[in-house]
Amino acid sequence: MQVVEEPTRRGVLLDLVLTNKEGLVGDVKDGGSLGCSGHEMVEFRILHGRSRAISRTTTLDFRRANFGLFKDLLGRIPWVKVLEGKRAQESWSIFRHHFLRAQDQCIPKNRKTSKGGRRPAWMSKELLEKLKGKKEAYRMWKKGLPTWEEYRNVVRECRDATRKAKAHLELNLAGEVKDNKKGFFKYISRKRKTRENVGPLLNEVGALVMEDTEKAELLNAFLASVFTAKASPQETQTLEVGEKVQRKEDLPLVEEDQVREHLGKLDIHKSTGPDGMHPRVLRELADVIARPPSIIFERSWRTGEVPEDWRKANVTLVFRKGKKEAPGNYRPVNLTSIPGKMMEQLMSMQRRRRLLGAVNMDSPRRNHA
């Protein structure tokens with residue numbers, strides 16, 4: 001949006017002030033020419049409140065978590081009796097209700113602090129004490145108690161300790177990047193001075209869309225238009241073979257040991273999905289909660305009913321290249337339910353095993369023929 005309305009040079013509007021947010025710039029007026037310049041100065045005010053925005057995003061505080069109580073609360077529930085006669089959606093709702101209620105009792109939450117208020121990742125308690133000692137040494141040096149050489153030695157010691165702490169942290173992050181990608185990229189993102197959001201976008205008629213709701217609808221429509229649900233010929237053939245195999249035998253069971261094994265291998269550095277279940281919590285409780293997911297997976301596999309939470313996703317758009325106004329230049333990154341992804345992995349393994357078994361059964365007949 002252009003906010004200058006009066007001419008700025010010989011009756012012509014040549015100097016502009018552009019803003020992407022309505023109400024951000026106000027009191028725009030000409031301030032007269034400066035020196036011998038033919039252009040007039042443009043004076044304006046940036047209308048920005050001084051109050052600091054309070055984050056409403058909450059995270060689980062694992063440092064104060066009581067996993068022993070968590071296991072005890074969920075271990076008391078007779079899951080077979082509670083989920084008896086329930087469909088997949090209803091069973092999942094019951095399990096999620098008990099899980100989140102116990103999680104609220106055993107794991108406290110805290111708000112995410114702003115970028116300026118967060119302590120650096122390399123700041124340890126020992127280094128913090130040294131920095132406090134440096135401030136105290138400076139205060140005493142201003143009073144003339146220690147000599148300049150003594151204060152300089154304290155400063156050098158703190159500087160060397162800070163450099164070593166940073167180097168040690170970065171070395172560990174680089175060495176463990178395969179196992180802790182989230183921590184590595186989180187440290188990199190903190191190094192950036194600015195964090196850009198999705199800017200104005202061009203709609204179908206070529207007009208710029210400014211509001212967040214309109215931008216979300218535009219991106220949602222674009223992503224839905226390029227999505228295809230048609231299966232490839234190879235996938236169609238695989239599904240046909242799988243259907244033939246399922247007609248001969250009953251569907252396989254989802255064993256509790258398989259679910260426990262998958263829960264024990266979850267990456268604790270992943271984020272929480274739309275269902276509110278953190279992978280670290282699921283991994284800690286693998287021995288206690290393996291039974292109810294196995295029952296839910298089994299019923300979903302046999303009936304074809306998929307719980308609603310497994311079909312939801314938190315989508316974040318990442319700019320790729322080209323013009324930032326084009327919706328097609330953004331790549332969606334989806335954050336889905338952890339149990340839903342476990343269900344996909346288990347069913348994929350079961351299907352591959354059955355297909356391999358069907359191929360092995362048909363191969364001797366073909367060779368004989």
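Helix axes are lines fitted to C-alpha atoms over the stretch in contact, and the angle between two axes is taken between their N-to-C directions, on a scale from 0 to 180 degrees. The model described here is predicted.

**Overall picture**
- Of the 369 residues in the protein, 26% are buried.
- Among contacts with a separation of 6 or more, 63% involve residues 24 or more positions apart.

**Helix H3**
- Helix H3 covers residues 88-106, and its 19 residues should span 27 Å at 1.5 Å a residue; the end C-alpha atoms are 27 Å apart, so the two values agree.
- Buried residues of H3 include Trp92, Ile94, Phe95, Phe99 and Leu100.

**H3 and H12**
- Helix H12 comprises residues 291-303, and its axis comes within 9 Å of that of H3, with a crossing angle of roughly 160°.
- Angles over 145 degrees count as roughly antiparallel, and H3 is therefore roughly antiparallel to H12.
- The crossing of H3 with H12 is left-handed.
- On the H3 side the contact involves Ala88, Ser91, Trp92 and Phe95, while H12 contributes Pro292, Pro293, Ile296, Arg299 and Ser300.
- Six nonpolar, two polar and one charged residues make up the contact of H3 with H12.

**H3 and H1**
- Helix H1, residues 67-75, packs with H3 at an angle of about 150°, and the two axes are 9 Å apart.
- H1 and H3 are therefore roughly antiparallel to each other.
- Their crossing is right-handed.
- Leu69, Phe70, Leu73 and Leu74 of H1 meet His98, Phe99, Ala102, Gln103, Gln105 and Cys106 of H3.
- This contact of H1 with H3 has seven nonpolar, three polar and no charged residues.

**Backbone angles**
- Most residues other than glycine have a negative phi.
- Arginine 10 is not a glycine, yet has a positive phi of about 55°.
- Arginine 10 lies in the segment before strand E1 (25-33), and it counts as exposed because its relative accessibility is 74%.
- Aspartate 27 also has a positive phi, near 55°, and is placed in strand E1.

Terms used
Residues are numbered from 1 along each chain as its sequence is written. This is a predicted model: local features need pLDDT of at least 70, side-chain atom pairs count only at pLDDT 80 or more; totals for chains, interfaces and linings use all residues. Side-chain values use heavy atoms; hydrogens and water are left out. Helices (H or I, at least four residues) and strands (E, at least two) are DSSP runs, numbered from the N terminus. The expected span of a helix is 1.5 Å times one less than its number of residues. Buried means under 20% relative accessible area, exposed over 50%, partly exposed in between (1.4 Å probe, protein chains only). Angles under 35 degrees count as roughly parallel, over 145 as roughly antiparallel, 65 to 115 as roughly perpendicular and the rest as oblique. A crossing is left-handed if the near helix is turned anticlockwise from the far one by less than a right angle, and right-handed if clockwise. Contact means heavy atoms within 4.5 Å. Ala, Val, Leu, Ile, Met, Phe, Trp, Tyr, Cys and Pro count as nonpolar, Asp, Glu, Lys and Arg as charged, and the others, Gly among them, as polar.
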